[in-house]
Amino acid sequence: MNLIVTIPEFRDARANLFGTVGFVPTMGALHRGHMSLVKKSNQLCDFTVVSVFVNPAQFAAGEDLSTYPRTLDSDLKLLSNYNVECVFAPTSETMYNTDFSTFVDENSLSSGLESLSRPHFFKGVSTIIAKLFNIIQPSHAFFGEKDAQQLRVIQRIVENLNFPIQIIPGPVVREENGLAMSSRNEYLNKEERSRAGILYSALLKTQKQITDGERSVKKIIDLVRKTLHSEPLAKVDYISIVNDKTLIEVQGDVSGDVLVSLAVYFSDIRLIDNITIRFPE
Ligand code: AMP
């Protein structure tokens, strides 16, 4: 497994990879969620490339760019247990030189949900992913359903900008109490971490409600809010029910597949989670 930090070096290495190349983009501080995508790439592709880059363009002023966990040594150790051809870990200066002025801006799927709280976010994600796709030139790229809106935005970009890349989603990997694994979980203290399982409990209740026949979006959201409010440490940012394909808010009654998403603060740590609920036949 090679650690590569510059683009010319990566291009040289890439020129020697004959076969399918699976790409797993990450911001590091790797956990089992990331590893599930690496495993999938190992199963599907001849070679696997992982990037580790904390992308400044997706953080707004006041967010956690400077404190985001950077653990490259232990990330490399973890990755060495898998079949990883190389790890691309460029510096910010390499990815954004001083005359950087070109952005990718998807304008439909990016507009609601996470964007309402983090308006800068998807432009930053879309731009870095397009750049990484152009550098890595993968045949397949792996993204977690943990970031459901991000996954759909990237699928749209690949389609709209004709990247010859197959996007492969991976299911959310969870801690024992149901909390979706996230590098940001490291910020939580022990008590917060154990209580944060409430996000998934609320999502599972929603799933049960819909399969039991409840259709009213208002009633479903009320129950989620009530569940989350039962946990005094949890402060709700948003609860949303959108059409699973268009990501447009469902009004009135649920009548097709929906994506239920939550963003909840524990202290000042913002956690997100989601579940896709298939409309019962
Ligand atoms: P990040 O390092 O947070 O930018 O995540 C890199 C990739 O790992 C993204 O495609 C995420 O959706 C995915 N990912 C992060 N956490 C999980 C998880 N708990 N389960 C599955 N995929 C995840």
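**View 1. Helix 2 and the shell around the ligand.** Among the elements, helix 2 gives the most to the shell around the ligand, contributing three residues; helices (H or I, at least four residues) and strands (E, at least two) are DSSP runs, numbered from the N terminus. The model is predicted: local features need pLDDT of at least 70, side-chain atom pairs count only at pLDDT 80 or more, and totals for chains, interfaces and linings use all residues. Residues are numbered from 1 along each chain as its sequence is written, and side-chain values use heavy atoms, with hydrogens and water left out. The ligand is surrounded by 16 residues, the closest being M27, H34, D147, V173 and M181; a residue is near a molecule if one of its heavy atoms lies within 4 Å of it. Eight residues of the shell are nonpolar, six are polar and two are charged (Ala, Val, Leu, Ile, Met, Phe, Trp, Tyr, Cys and Pro count as nonpolar, Asp, Glu, Lys and Arg as charged, and the others, Gly among them, as polar).

View 2. An oxygen atom of the ligand lies 2.9 Å from a backbone N or O atom of M27, and a polar backbone atom of G144 is 2.9 Å from an oxygen atom of the ligand. At V173, a backbone N or O atom lies 2.8 Å from a nitrogen atom of the ligand. The ligand taken alone exposes 490 Å², of which the protein buries 92% (Shrake-Rupley method, 1.4 Å probe).

View 3. The strands follow the order 1-4-3-2-5-6 with parallel pairing; two strands pair if DSSP finds at least two bridges between them. Strand 1 (2-4) and strand 6 (166-170) each have a single partner strand, so one side of each edge strand is left without a neighbour in the sheet. From one strand to the next, the twist averages 25 degrees (axes are lines fitted to C-alpha atoms, for helices over the stretch in contact, and angles run from 0 to 180 degrees between N-to-C directions). Two bridges join strand 2 (residues 21-26) to the parallel strand 5 (residues 140-144), where A141 is the bridge partner of F23.

**View 4. The open sheet of three strands.** Strands in the order 7-8-9 pair antiparallel. Nine bridges join strand 7 to strand 8 (residues 258-266), and K235 stands opposite Y265 in strand 8.

Conventions
A polar contact is a pair of N or O atoms within 3.5 Å; within protein, one must be able to donate a hydrogen and the other to accept it, and residues adjacent in sequence count only if both atoms are side-chain atoms.
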